[in-house]
Amino acid sequence: VLMAMDGHEIDCHGHVELYGRRLSFVAVRDRKYVGDTVHLRVLRDGKEIDVEQPLHQSEYLVPRGQYDLVPKYLVVGGLVFQPLCNEYLQGWVIQDRPVHLQDLYNRGQLSPTQKEAIMLTQVLADDCNVGYGSGWVGCPLVESVNGQPVSCMDDFVAKIYAAQGEFLEIGMMRGSGPYTLVLESAQLAAAAERVQQTYRVPAPCSPHYQEE
């Protein structure tokens, strides 16, 4: 149990007295910089002990702010994929944001196996993707390509371009559970041309991947 931070007693509601006000205890941490040390008093096994904890850089799965960056995207068979970021979520007022995306923003952490969250942001209807809806389809999240786990957008694109076989299978996750998008590989090249012409898409992918 966390009892105090940098000498500020933490009450049962997680508040401290700071600057003459009752604030969340994280306000004590937020006064410091990456690399600083926070002095903690904790209750462990019935005894109060003092702990020193260095502050490391936050490792959010969803970037908090991106400046002067070209957004990454890939269109495959009329399906538009891009990584989740704060700027995308700002397209909604906070109470209307998709719950699963806001939860990733709030709690998602980087890990060796997941460095970005990749979304299906919309479906550009085409003969290639009949049955998968049209327009915004709830932003399900990508999990795999042809059975291989995906860790980030670069990894996703590399696996799409390297995919072989009669079908391209993209494992997805939505609120109701996992499902698989299946596209016929032989149709993808023609579909890309139709989608670009029909929807005036300037390129099937962002500049990051045009030399892949």
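This is a predicted model: local features need pLDDT of at least 70, side-chain atom pairs count only at pLDDT 80 or more; totals for chains, interfaces and linings use all residues.
Reader: In the hairpin of β1 and β2, which residue takes a positive phi near 50°?
Author: Strands here are DSSP runs (E, at least two residues), helices are DSSP runs of H or I with at least four residues, and both are numbered from the N terminus. The hairpin of β1 and β2 has two residues between its strands. The residue there with a positive phi near 50° is D6.

Reader: Which residue in β6 is the bridge partner of T37?
Author: Strand β5 covers residues 37-44 and runs antiparallel to β6, with eight bridges joining them. For T37, the bridge partner in β6 is P54.

Reader: Which strands stand at the edges of this sheet?
Author: Strands of a sheet pair through backbone hydrogen bonds, either parallel or antiparallel. Here four strands form an open sheet with antiparallel pairing, in the order β2-β1-β5-β6. A strand at the edge has a single partner, so one of its sides is left without a neighbour in the sheet. The edge strands are β2 (8-9) and β6 (47-54).

Reader: Good, now a loop. Is Y19 buried or exposed?
Author: Y19 is in the loop between β3 (15-18) and β4 (21-24). Its C-alpha is 21 Å in space from that of L2, and the two residues are 17 apart in sequence. A residue is buried under 20% relative accessible area, exposed over 50% and partly exposed in between (1.4 Å probe, protein chains only). With a relative accessible area of 61%, Y19 is exposed.

Reader: How wide an arc do the buried residues of α3 cover around the axis?
Author: Helix α3 spans residues 99-107, and its buried residues are L101, Q102, L104 and Y105.

Reader: Which exposed residues are on the face of α3 turned away from its buried side?
Author: The buried residues of α3 pack against α2 (86-89), β9 (118-123) and β10 (141-145), where contact means heavy atoms within 4.5 Å. The face turned away from them carries the exposed V99 and R107.

Reader: Which elements do the buried residues of α4 pack against?
Author: Helix α4 covers residues 153-162, and its buried residues are M153, D155, F156, V157, K159 and I160. These pack against β7 (74-76), β8 (79-83), β9, β10, β11 (148-149) and β12 (167-174).

Reader: Which residues does S144 touch, leaving out those up to four places away in sequence?
Author: S144 is in strand β10. At 17% relative accessibility, it counts as buried. Its contacts are P149, V150, E169, I170 and G171.

Reader: How many disulfides does a search of the whole structure find?
Author: A disulfide is a pair of cysteine sulfur atoms within 2.5 Å. The sulfur of C85 is 11 Å from the closest cysteine sulfur, in C139, too far for a bond. C128 is in no disulfide either, with the nearest cysteine sulfur, that of C205, 16 Å away. For the whole structure, the number of disulfides is zero.

Reader: To finish, what is the radius of gyration of the protein chain?
Author: The protein chain has five helices and 13 strands, and its C-alpha trace spans about 65 × 35 × 35 Å along the principal axes. Of its 212 residues, 36% count as buried. The radius is taken over C-alpha atoms, and the globule rule is 2.2 Å times the number of residues to the power 0.38. A compact globule of 212 residues would come out near 17 Å, but the protein chain has 23 Å.

Notes:
Residues are numbered from 1 along each chain as its sequence is written. Side-chain values use heavy atoms; hydrogens and water are left out. Two strands pair if DSSP finds at least two bridges between them.
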